[in-house]
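Hello,

Here is the structure I said I would pass on. Please open it and keep it in view while you read the notes under it.

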Amino acid sequence: MKKILLFLFLGAVGFTAYSCDNDDDVVTQNPVDYDTYSTAYDISPSFTKVNDNLYRFSDDFNTPLVESDVVLIYMQNGTDGGAPVWKLLPYTYYVGNLANDAVDYLFDFSKFGITININSTTAFSLTANPSYYQGKNFRVVVVPAKTGKSAKAAVNYEDYNSVIKYYNIDESKIQTKVTK
């Protein structure tokens with residue numbers, strides 16, 4: 001009986017000593033997100049009229065995103081030496097009339113898709129001014145979410161070129177997605 005108690009005691013001590021190993025608690029300073037690869041694609045959507053002051057476009061992703069992914073959408077806002085100039089949404093464009101009317105370019109996203117809304121002040125009809133929603137080009141950029149202050153300081157999301165550089169997105173491989 002004494003021998004059995006001795007073996008049980010030695011087994012309990014050995015199990016306790018093994019379970020107190022701290023090697024699995026090591027946290028790296030900059031963990032790598034292996035779930036998401038940064039990607040980008042262009043769209044030239046056809047907006048649907050909701051009312052005279054609101055036009056909407058919705059599109060599904062080919063595959064659902066990982067919950068921690070972030071979507072950024074940029075609207076082409078002209079060119080500079082032939083290169084497109086990208087403006088991060090949300091973006092408000094002031095029409096420049098006496099009433100100081102504005103057109104807002106906004107977006108939402110989920111893990112399944114995106115929605116871009118273009119809406120204007122009440123007195124400014126988008127239906128009567130189709131240049132504010134027709135022929136627009138957008139770039140959808142999907143990046144892994146980064147937490148902590150170091151990631152925010154490392155990239156300026158307002159600056160498209162900073163985002164592309166930080167997330168190593170090869171612009172030569174960006175394709176236009178055919179939308180509905």
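The notes below cover the sheets and then the aromatic rings.

Please keep in mind that this is a predicted model.

Phe-107 stands opposite Ile-116 in β8.

Another open sheet of five strands runs in the order β5-β4-β9-β1-β10, with mixed pairing. Here the edge strands are β5 (83–88) and β10 (175–176). Strands β1 (residues 39–43) and β9 (residues 138–144) run antiparallel and are joined by five bridges. Asp-42 has Arg-139 in β9 as its bridge partner.

Aromatic rings

The count of aromatic pairs is 10. One of them is Phe-47 with Phe-138: the ring centres are 6.0 Å apart and the planes meet at 65°, which is over the 60 degrees needed, so the pair is edge-to-face. Phe-47 lies in the loop between β1 and β2 and Phe-138 in strand β9, so the pair ties together parts 91 residues apart in sequence. Phe-47 is buried, at 12% relative accessible area, and Phe-138 is buried at 0%. Ring pairs also link Phe-47, Phe-57 and Phe-138 into a cluster.

Trp-86 and Tyr-160 form a tilted pair, 5.9 Å centre to centre with 50° between the planes. Trp-86 is in strand β5 and Tyr-160 in helix α3 (residues 160–166), 74 residues apart. Both Trp-86 and Tyr-160 are buried.

Regards

Notes: Residues are numbered from 1 along each chain as its sequence is written. This is a predicted model: local features need pLDDT of at least 70, side-chain atom pairs count only at pLDDT 80 or more; totals for chains, interfaces and linings use all residues. Side-chain values use heavy atoms; hydrogens and water are left out. Two strands pair if DSSP finds at least two bridges between them. Helices (H or I, at least four residues) and strands (E, at least two) are DSSP runs, numbered from the N terminus. Rings of Phe, Tyr and Trp (its six-membered ring) pair if their centres lie within 6.5 Å; planes under 30 degrees apart count as stacked, over 60 as edge-to-face and the rest as tilted. Buried means under 20% relative accessible area, exposed over 50%, partly exposed in between (1.4 Å probe, protein chains only).
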